[in-house]
Amino acid sequence: MPDPSTTPPLTRASVQAAHDLIKPYVHETPVLTNSTLDQLASTPRTVEELKGTEWEGVERVANPRIRFWFKCENFQRIGAFKARGAFHAVERLKKEEGLEGLRGTGVVTHSSGNHAQALSLAARENGIPAYIVMPDISPPPKIAATKGYGANITFSGSTSTEREAVTREVIEKTGARLVPPYDHPDIILGQGTAALELQSQVSTALSTSGTTTRRLNAVITPCGGGGLLSGTALACSDPSAQGGPILVFGAEPSFSGADDGRRGYYSGTRIESVKSLTIADGLRTPLGAYPWSIIYERKLVAGMYSVGEEEIKKALRLVYERMKVVVEPSAVVGLAVALYNEEFRSMVEREAGEEGWDLGVVFSGGNVELAALARLFGEERVVRRA
């Protein structure tokens, strides 16, 4: 990657410049709404629904008003937002090293699947060799898709430490340039372009409908390494925006310590190691240093929230059944927070009041193994019958 000291500043203007650079290569993905999910989010949960959750016995159940705007990055090239950061990183490397130089050395990364596919595609379109280090537990469809883009795959253990060690070995053998999955300014700026589009699309939709008193109030994104969340925070950090900057929130799985970003955010110390097998497999990585500097140190993210595996599965089922949209478990964690996390819902009720919020939810991707979905919902049926 280019030396971080030579990359553009981490600002909204730089996200806009990144968008101009990658426009020829990525889709402007659609923004969808769903009145059924709006109604569910805007209805207090019952005492029965809260039984067995950490919210059982709360004195008052939250009653927010939420209108969702779903940014569907599952319709992006390679099926995930990661295409944005990968293409931006490759374009920046081409400017620094030249295309012929990159064709001689190649690019390398470590990824559980989506970034692997994204970099492989960006490399293939430029005739650049791609070397990908993937955890040996990566979903087979993601492995197959990465191979389909012509990448050279090396397998590793599942932790970030194991992935990075194997990546260093590949670099020593090939001289390839590292394109990290999230912890670099160029990646962050590329990922932030989804939120730029979301803002414009919501504004246009509201204007077209004759609604002039509303705006996009907040955005919630999944958080693994933090590239998408920190890029979104930069894209929404316009102090001159009418009504003030758009608030940004992060969402994580709580299973087996996968909520490292949330725990670090509220303790003031970044957690550098995570080992979790949450069903949201794209969120099994620790928050990176550059994302941390934006999310916590610059305070551009207003809060971090988490949900359990059952809430993620319920949100996933709702999207499939009510929206008819194919997404992966990682993609619905933000929606799950808005539907099931009483702390988040109470905050929205308190901050938004009677008017409620127009809340952007980024569906980060749709690369999911059908057999895994069958197992996931098959287990759910067994539990219900029991």
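How many bridges pair strand 3 with strand 4, and in which sense do the two strands run? In this predicted model, strand 3 (residues 107-110) and strand 4 (residues 130-135) are joined by four bridges in the parallel sense. Within that pairing, Val108 has Tyr131 of strand 4 as its bridge partner.

Both strands belong to an open, parallel sheet of four strands, ordered 5-4-3-6. Strand 5 (152-156) and strand 6 (177-178) form its edges, each pairing on one side only. Helix 6 (residues 114-125) lies across strand 3 and strand 4, at about 170° to strand 3.

A further open sheet has six strands in the order 1-2-10-7-8-9, with mixed pairing. Strand 1 (31-32) and strand 9 (303-307) each have a single partner strand, so one side of each lacks a neighbour in the sheet. Strand 8 (residues 247-253) runs parallel to strand 9, and five bridges join them; the partner of Gly250 in strand 9 is Met304. Helix 16 (residues 342-352) lies across strand 2 (66-72), strand 7 (218-222), strand 8, strand 9 and strand 10 (357-363), and its angle to strand 10 is about 145°.

| Helix | Reference strand | Angle |
|---|---|---|
| Helix 6 (residues 114-125) | Strand 3 | about 170° |
| Helix 16 (residues 342-352) | Strand 10 (357-363) | about 145° |

The loop between strand 8 and helix 12 (260-267) contains Phe255. With a relative accessibility of 39%, Phe255 counts as partly exposed. Together with Ile137 and Leu277, Phe255 forms a nonpolar surface patch that has about 290 Å² of accessible area in total.

Definitions and conventions:
Residues are numbered from 1 along each chain as its sequence is written. This is a predicted model: local features need pLDDT of at least 70, side-chain atom pairs count only at pLDDT 80 or more; totals for chains, interfaces and linings use all residues. Side-chain values use heavy atoms; hydrogens and water are left out. Two strands pair if DSSP finds at least two bridges between them. Contact means heavy atoms within 4.5 Å. Axes are lines fitted to C-alpha atoms, for helices over the stretch in contact, and angles run from 0 to 180 degrees between N-to-C directions. Patches are made of residues with over 30% relative accessible area and no salt bridge: like charges are joined within 9 Å, nonpolar side chains (Val, Leu, Ile, Met, Phe, Trp, Tyr) within 5 Å. Accessible areas come from the Shrake-Rupley method with a 1.4 Å probe; for residues, only the protein chains shown count as cover. A salt bridge is a side-chain nitrogen of Lys or Arg within 4 Å of a carboxyl oxygen of Asp or Glu. Buried means under 20% relative accessible area, exposed over 50%, partly exposed in between (1.4 Å probe, protein chains only).
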